[in-house]
Amino acid sequence: MPEQKPWDDASGSGAISGAGAGGAMDLAVEEGATLEKTPGGPQGTGPSGKPRSLWSDAWRDLRRNPVFIISALVILFLVIISIWPSLIADQDPLDCDLAKAQEGSQPGHPFGFDGQGCDVYTRTVYGARTSVAVGVLSTLGVSLLGGLLGGLAGFFGGTWDAVLSRITDIFFGIPVVLGGLVFLSVVTSSTIWPVIGFIVLLGWPQIARIARGSVITAKQNDYVQAARALGASNSRMMLRHITPNAVAPVIVVATIALGTYISLEATLSYLGVGLKPPAVSWGIDISAASPYVRNAPHMLLWPAGALAVTVLAFIMLGDAVRDALDPKLR
C-alpha cells in the first residue's frame with residue numbers, strides 16, 4: 001500500500017488531530033452538564049451541586065448527633081428560664097419566712113425551704129439567670145480579647161508574638177482560685193461584673209494561644225499566599241481568608257470553657273468572694289446549705305444538681321461541636 005501522508009486526507013488523521021482539542025473540550029462540557037443534572041452532585045458537593053463547606057458538613061453532623069440535640073435542648077431551656085424565670089416560678093426568691101426554715105417539700109414548694117425560709121425551687125430557678133449570664137458574657141469577653149491578641153500575634157509574628165507568648169506564660173502561672181481570692185476580696189459590689197472581669201482577665205491566654213496556632217496554620221495555606229501575591233492587604237487577608245478558616249478551634253474551646261466559667265463563678269461565690277447576697281446564685285445557696293447538709297440535705301442537693309446539669313450540658317455541647325468541626329475525626 002502507498003504511504004499515506006498526514007496532509008493527503010483532510011478527513012483522516014488531520015480531522016482526528018483537530019478533534020483532539022475541540023472534541024475533548026466538548027466532552028468535558030457534556031460531562032459537566034451531566035454532573036450538574038445529577039441530584040446528589042459529584043463527591044464533595046451538596047444536593048444542589050454547590051461545594052460543601054466545613055460549616056455545612058458540621059451542621060449536618062450535629063443534627064444527627066443525639067449528644068448535641070440533648071445538650072442543646074437543655075441549654076435552650078436554661079436560656080429561656082434565665083430570661084423569663086417567672087414562666088415556671090411565680091414567687092420572689094427573696095421572699096423568706098423564718099418559721100419555715102429548713103422544712104422539706106410542701107404543696108406549692110416542691111424543693112422545700114432553705115435556712116432563711118426561702119423557697120429553694122424559686123431560688124434554684126432564678127440562680128440559672130446568674131450562672132448563664134456569667135458564663136455567656138465571660139465566654140464572649142474571653143473569645144474576643146484572646147482571639148484578637150492571639151490572631152494578631154500569629155499573623156504578624158516577630159516581636160509581637162514573642163511578647164504575647166511571655167505574657168501568656170505569666171498568666172498561666174497564676175492559680176485561678178487563688179487569683180480570685182486576691183482579686184475579688186477587695187471588691188464590694190454584689191453584681192456579676194467583677195466576676196466576669198476576673199474571668200476574662202485570667203481566661204484570655206488560653207484562647208489566645210489556640211487562636212495564635214490556628215492563624216499560623218491557616219496563613220501558610222496556598223490561598224493565603226495567592227492572595228498576598230495578588231496584592232491583598234493584611235486586613236483583607238485576615239478578615240476574608242484567615243479568620244473564617246481559623247475560628248473553628250476557638251469556637252470549640254470557648255464552648256467547652258463556658259461550662260468551666262459557670263462552675264468557677266459558683267466556686268468563687270461558695271468561697272464568699274464572688275457574688276454576694278442579696279444576689280441569687282447557686283454558689284451562694286450551696287455555701288449557705290453546707291452547714292445543714294445532714295439535717296436538711298434538700299437545701300444542697302437541688303442547687304448543686306442544677307449546677308452539675310448545666311456544666312455537663314455545656315461540656316457535652318462543646319464535645320459535639322469539636323467532633324463536628326475536626327476533619328480528622330470524620
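**A walk through an all-helix model**

Phe 183 is partly exposed, with a relative accessible area of 36%. On this scale, buried means under 20%, exposed means over 50%, and partly exposed lies in between, using a 1.4 Å probe and protein chains only. The model is predicted, so local features need pLDDT of at least 70 and side-chain atom pairs pLDDT 80 or more, while totals for chains, interfaces and linings use all residues. Residues are numbered from 1 along each chain as its sequence is written, and side-chain values use heavy atoms, leaving out hydrogens and water.

Start with the overall plan. The protein has 11 helices and 0 strands. Both kinds of element are DSSP runs numbered from the N terminus: helices are H or I with at least four residues, strands are E with at least two. Read from the N terminus, the order is α-α-α-α-α-α-α-α-α-α-α. The protein counts 330 residues, and 37% of them are buried.

Next, the rings. The structure holds 6 aromatic pairs. One of them joins Phe 111 and Tyr 121, edge-to-face, with 5.2 Å from centre to centre and 75° between the planes. This pair links distant parts of the chain, 10 residues apart: Phe 111 sits in the loop between α3 (66–83) and α4 (120–156), and Tyr 121 in helix α4. Phe 111 counts as buried because its relative accessibility is 16%. Tyr 121, at 21%, is partly exposed. Another pair is Phe 183 with Phe 198: the centres lie 5.8 Å apart and the planes meet at 25°, so the pair is stacked. Here too distant parts of the chain are linked, with Phe 183 in helix α6 (residues 176–184) and Phe 198 in helix α7 (residues 193–218), 15 residues apart. Phe 198 has a relative accessibility of 2%, so it counts as buried. The cut-offs behind these pairs are simple: rings of Phe, Tyr and Trp (its six-membered ring) pair if their centres lie within 6.5 Å, and planes under 30 degrees apart are stacked, over 60 edge-to-face, the rest tilted. Ring pairs also build a cluster of Phe 111, Tyr 121 and Trp 302.

Now look at the nonpolar cores. Each is a set of buried Ala, Val, Leu, Ile, Met, Phe, Trp, Tyr and Cys residues joined through side-chain atoms within 4.5 Å. The largest has 29 residues, and Ile 262, Leu 307 and Leu 325 touch the most other members. At least two residues of this core come from each of α2 (54–63), α3, α4, α9 (234–270), α10 and α11. The largest share, 12 residues, is from α11. A second, separate core has 23 residues, among them Val 200, Leu 202, Ala 211 and Ile 284.

Searching the whole structure turns up 1 cavity of 30 Å³ or more. A cavity is a set of points, on a 1 Å grid over the protein atoms alone, where a 1.4 Å probe fits but cannot get out; lining residues have an atom within 4 Å of a point. The largest cavity has a volume of about 60 Å³, taken as the space filled by probe spheres set on the points, which are joined across faces, edges and corners. Its lining is Asp 114, Val 120, Arg 123, Asp 285, Ala 288, Ala 289, Met 299 and Pro 303. Two or more of these residues come from each of α4, α10 (282–289) and α11 (298–325). Helix α10 gives the most, 3 residues. By class, 5 lining residues are nonpolar, none is polar and 3 are charged. In this scheme Ala, Val, Leu, Ile, Met, Phe, Trp, Tyr, Cys and Pro are nonpolar, Asp, Glu, Lys and Arg charged, and the others, Gly among them, polar.

Ser 131 lies in helix α4. Ser 131 is buried, at 1% relative accessible area. Beyond its neighbours within four places in sequence, Ser 131 is in contact with Ile 262, Glu 265 and Trp 282.

Arg 209 belongs to helix α7. Its relative accessibility of 42% makes Arg 209 partly exposed. Leaving aside neighbours within four places in sequence, Arg 209 is in contact with Ser 165, Thr 168, Asp 169 and Phe 172. Gly 151 is 58 residues from Arg 209 in sequence, yet 8.8 Å away in space, C-alpha to C-alpha.

Pro 278 sits in the loop between α9 and α10. With 55% relative accessible area, Pro 278 is exposed. Its C-alpha atom is 7.7 Å from that of Leu 94, though Pro 278 and Leu 94 are 184 residues apart along the chain.

Notes: On a 1 Å grid over the protein atoms alone, a cavity is a set of points where a 1.4 Å probe fits but cannot get out, and a pocket is an open set with protein on both sides within 12 Å along at least five of seven lines; lining residues have an atom within 4 Å of a point. Contact means heavy atoms within 4.5 Å.
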